[in-house]
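Have your viewer open and your selection tool ready. We will go from stop to stop, with a note on what to select and what is there.

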Amino acid sequence: MSMYGRDPWGGPLEINAADSATDDDRSRNLNDMDRAALSRPLDETQQSWLLGPAEQKKKKKYVDLGCIIVSRKIFVWTVGSIVAAALLVGFITLIVKTVPRHHHSHAPADNYTLALHKALMFFNAQRSGKIPKHNNVSWRGSSGLSDGKGKQGSFYKDLVGGYYDAGDAIKFHFPASFAMTMLSWSVIEYSAKYEAAGELNHVKELIKWGSDYFLKTFNSSADTIDRIVAQVGSGDTSGGSTTPNDHYCWMRPEDIDYDRPVTECSSCSDLAAEMAAALASASIVFKDNKAYSQKLVHGAKTLFKFAREQRGRYSAGGSEAAIFYNSTSYWDEFIWGGAWLYYATGNNTYLQLATMPGLAKHAGAFWGGPDYGVLSWDNKLAGAQLLLSRLRLFLSPGYPYEEILRTFHNQTSIIMCSYLPIFTKFNRTKGGMIELNHGRPQPLQYTVNAAFLATLYSDYLEAADTPGWYCGPNFYSTDVLRDFAKTQIDYILGKNPRKMSYIVGFGNHYPKHVHHRGASIPKNKIRYNCKGGWKWRDTSKPNPNTLVGAMVAGPDRHDGFHDVRTNYNYTEPTIAGNAGLVAALVALSGEKTTGIDKNTIFSAVPPMFPTPPPPPAPWKP
């Protein structure tokens, strides 16, 4: 065995005794040698070889900084580096400050965000009840302060608050509930975009204003109820009636002095289930406020139970609702309300109900039809199917839900295909607006809802790492859906043959004669009575007050539009229409990469452990 040590690089390492001398020994030896060398006197030339020119002796090699002595070379380099760095930083700062900035073009996103600010303001203008100080609509004040008061023995204390439906002062609870559900859905999916636009607190405050009011319209502390309020105010002028009401009179809401009747109902499954959806979705928006969220969930459960137990359409039997907001069925609300209650509670009973094939069949999920895929205040099927497809995309609950969820997912895909111009399921105007209501009046409310669903579905697919979907044999990217939504919203914002924005206060050319009592009567300290306001209804002058953010009913099938106050089919806005607009705008606003909030909606949903399917029947020969 060799006595050599091992060099880490692989060669033999010999240990030499001479090498073991310490550094101190070595330096001592060198000093001795130096002294020996210098003991002989050197002539001038020899000295110059060793020391260089004589004058350099004067130049100090070190700099004394008082507390420390450093090499002159290091000192010069250090100071020079600092000065150079300072000059460089200053130069870069100068360039950044003075050179014009070239942002990437986000013009469409800016437009959607700008329109979003305005579209939300419409709800401020529609408030009923005691108006808060920060409402920011100068020509509106408190109104409807005696709504629902003074009726002894009723199940409600008062009905002050909520929102006026449109250009009148009626509170229709069926479309109002849908409007609040749509606002809540948009916040649950796109809270980051609302935050980026600086509107999150505003929209949450608007939702709370609505849900606080709904809690007044039934006994929300009870577990079981037998009636709810469907409407406050009246608008029936049929048969030439001259009784003062919200349609016969033309008055500012603040000046109303006529009776405002309260309409109750005891079998109104559609209304109760829609209101349950509104409260359940709001409970997810306010999940961080535990007490309030639980109050909303309790109310939603009570309403849904009432809807299931006391069956009937709220607009049946010749009620006034049948004239203005007739409901065609309550099956779609059962699926929609059940889905929202499942998300709000995590209780499987609601999911089982929402995915019952019989319910879907009654709601028309399997048989198409001319209005299939059109989301509206009346029919929520398209929204409910998308909402439940979300569950399949992200949580895959498996058996026993998979089959019906797959059907809903497929149906949603077909609906998205039907929106595309390449398929001719729906006509389009020459200007490019999709005719979801087949050329009938007031088309924009359906357009905005479709734009929201399309953008949301494309964002669902993106979040599920899916680049697109199939329409028959052809594959389409998610961008195609987004483009559909953009073309429709751009049409509403002014990219149409009339070059007119259909959102009041947006752009330079928008409707000036909106069918709206408060906006058309000046706030001039004069109180115009029931018929005294007719002159403001009939004048050809523009409205004295700008109803910022109101989306009017829209153009006709030829892209034509008559800016006439008395023609409500063109110029009247509604809260249901504006809620869909807000949802579509926030979905398209800001950066596409922001996407949806995948998890918040599942906050109450427990972990899923799919039940294994039953074993096959025993084999028999």
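Start with the lining of the second largest cavity, whose residues divide into four nonpolar, four polar and no charged. In this count Ala, Val, Leu, Ile, Met, Phe, Trp, Tyr, Cys and Pro are nonpolar, Asp, Glu, Lys and Arg are charged, and the others, Gly among them, are polar. To see the lining, select Phe178, Ser376, Trp377, Gln445, Tyr446, Asn449, Ala576 and Gly577. The space they line is about 40 Å³. Helix 15 gives the largest share, three residues. Helices here are DSSP runs (H or I, at least four residues), numbered from the N terminus.

Before moving on, a word on the model and the terms. This is a predicted model, in which local features need pLDDT of at least 70 and side-chain atom pairs count only at pLDDT 80 or more, while totals for chains, interfaces and linings use all residues. Residues are numbered from 1 along each chain as its sequence is written, and side-chain values use heavy atoms, with hydrogens and water left out. A cavity is a set of points, on a 1 Å grid over the protein atoms alone, where a 1.4 Å probe fits but cannot get out; lining residues have an atom within 4 Å of a point. Grid points are joined across faces, edges and corners, and the volume is the space filled by probe spheres set on them.

How many cavities of 30 Å³ or more are there? The count comes to three. For the largest cavity, with about 60 Å³ of space, select Ala125, Gln126, Arg140, Tyr164, Ala166, Gly167, Asp168, Ala169, Pro253, His516, Arg517 and Gly518. By class, this lining has five nonpolar, four polar and three charged residues.

Next come the salt bridges (a side-chain nitrogen of Lys or Arg within 4 Å of a carboxyl oxygen of Asp or Glu). The whole structure has 23 of them. Select Glu274 and Lys380, whose side chains meet in a salt bridge at 3.1 Å, N to O. This pair links distant parts of the chain, 106 residues apart: Glu274 is in helix 7 (residues 269–285), and Lys380 is in the loop between helix 12 (357–362) and helix 13 (381–394). Are these two residues buried or exposed? Both Glu274 and Lys380 are buried, where buried means under 20% relative accessible area, exposed over 50%, and partly exposed in between (1.4 Å probe, protein chains only).

Now select Arg440 and Asp371, a salt bridge with its closest N and O atoms 3.8 Å apart. Arg440 lies in the loop between helix 14 (402–419) and helix 15, and Asp371 in the loop between helix 12 and helix 13, so the pair ties together parts 69 residues apart in sequence. Arg440 is partly exposed at 46% relative accessibility, and Asp371 is partly exposed at 39%.

For a network of salt bridges, select Asp147, Lys171, Asp246 and Arg260.

Select Val79, Val83 and Leu87, which make a nonpolar patch of about 260 Å². Patch residues have over 30% relative accessible area and no salt bridge; like charges are joined within 9 Å, and nonpolar side chains (Val, Leu, Ile, Met, Phe, Trp, Tyr) within 5 Å. Areas come from the Shrake-Rupley method with a 1.4 Å probe; for residues, only the protein chains shown count as cover. Finish on Val83 in helix 3 (residues 72–98), which is partly exposed at 45%.

Technical notes
Helices (H or I, at least four residues) and strands (E, at least two) are DSSP runs, numbered from the N terminus. On a 1 Å grid over the protein atoms alone, a cavity is a set of points where a 1.4 Å probe fits but cannot get out, and a pocket is an open set with protein on both sides within 12 Å along at least five of seven lines; lining residues have an atom within 4 Å of a point.
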